Amino acid sequence: MKTLKSHHLIIAFSLFLAACSPITYVGDTYSATPKADVYYDAKDVKQDYKVIGHLSMDFTNNSDRIKSKLSEKAKSLGADGIIILQTTGHDDKETVKADAIKYNAKGN
């Protein structure tokens, strides 16, 4: 019985670690922004922008949570939005990649 409880704890801890996968970021940072828009295609962005970096995160199957976590990270980096590029992998291990974008100031 004690072994069974240990197995349950190990499984629960493993799931917790998988759900809290860190976000990898390579790029520039700016002052935090209050909002980060989410796009699924670059042509959906209706204003001029530049890509300031690239985000990557492993996940299992909760796309709303992933979108929220990537958006929160982007805000903390000073991005005005993210463009979700692709999802790679399969089954229990997938990775989502996104570009962090900064809108160009008018007149630039």
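Student: Is Asp44 buried, exposed or partly exposed?
Tutor: This is a predicted model, with residues numbered from 1 along each chain as its sequence is written and side-chain values taken on heavy atoms, hydrogens and water left out. Local features need pLDDT of at least 70, side-chain atom pairs count only at pLDDT 80 or more, and totals for chains, interfaces and linings use all residues. Buried means under 20% relative accessible area, exposed means over 50%, and partly exposed is in between (1.4 Å probe, protein chains only). Asp44 has 36% relative accessibility, so the class is partly exposed.

Student: Where does Asp44 sit among the elements?
Tutor: Helices (H or I, at least four residues) and strands (E, at least two) are DSSP runs, numbered from the N terminus. The C-alpha of Asp44 is 9.1 Å from that of Ile83, although 39 residues separate the two along the chain. Asp44 belongs to the loop between strand 2 (37–39) and strand 3.

Student: In what order do the elements of the protein chain run from the N terminus?
Tutor: The protein chain has 2 helices and 5 strands. From the N terminus on, the order is α-β-β-β-α-β-β.

Student: What share of the contacts between residues at least 6 apart in sequence joins residues at least 24 apart?
Tutor: Contact means heavy atoms within 4.5 Å. Take the contacts in the protein chain between residues at least 6 apart in sequence. The share joining residues at least 24 apart is 73%.

Student: Which residues touch the most other members of the largest nonpolar core?
Tutor: A nonpolar core is a set of buried Ala, Val, Leu, Ile, Met, Phe, Trp, Tyr and Cys residues joined through side-chain atoms within 4.5 Å. The largest one holds 17 residues. Strand 1 (23–27), strand 3 (49–59), helix 2 (63–77), strand 4 (81–90) and strand 5 each give two or more residues to this core. The members that touch the most others are Leu55, Leu70, Ile82 and Val96.

Student: What does Val96 contact beyond four places in sequence?
Tutor: Two of its contacts are Ile66 and Leu70, both buried residues of helix 2.

Student: Which residues does the second, separate core include?
Tutor: This core has 5 residues. Among them are Tyr39, Val45, Ile83 and Tyr103.

Student: Why does Ala98 count as buried?
Tutor: Ala98 is in strand 5. Leaving out residues up to four places away, Ala98 touches Gly53, His54, Leu55, Ile82, Ile83, Ile84 and Leu85. Val38 is 60 residues away in sequence, with a C-alpha distance of 9.7 Å. Ala98 counts as buried because its relative accessibility is 1%.

Student: What is the expected span of helix 2?
Tutor: Helix 2 has 15 residues and reaches 21 Å from first to last C-alpha. Expected span is 1.5 Å times one less than the number of residues. The reach is close to the expected value, 21 Å.

Student: Which backbone oxygen lies 2.7 Å from the side chain of Ser76?
Tutor: Ser76, in helix 2, is partly exposed at 45%. Beyond four places in sequence, Ser76 touches Tyr30 and Ala32. A polar atom of its side chain lies 2.7 Å from the backbone oxygen of Lys73.

Student: Which backbone oxygen lies 2.8 Å from a polar atom of the Lys102 side chain?
Tutor: Lys102 is in strand 5 (residues 93–103) and counts as buried at 18%. Its contacts beyond four places in sequence include Tyr30, Tyr49 and Asp80. The residue that follows helix 2 has a positive phi, near 90°. That residue also supplies the oxygen at 2.8 Å: Gly78.

Technical notes
Polar contact = N/O pair within 3.5 Å; in protein donor to acceptor, adjacent residues only side chain to side chain.
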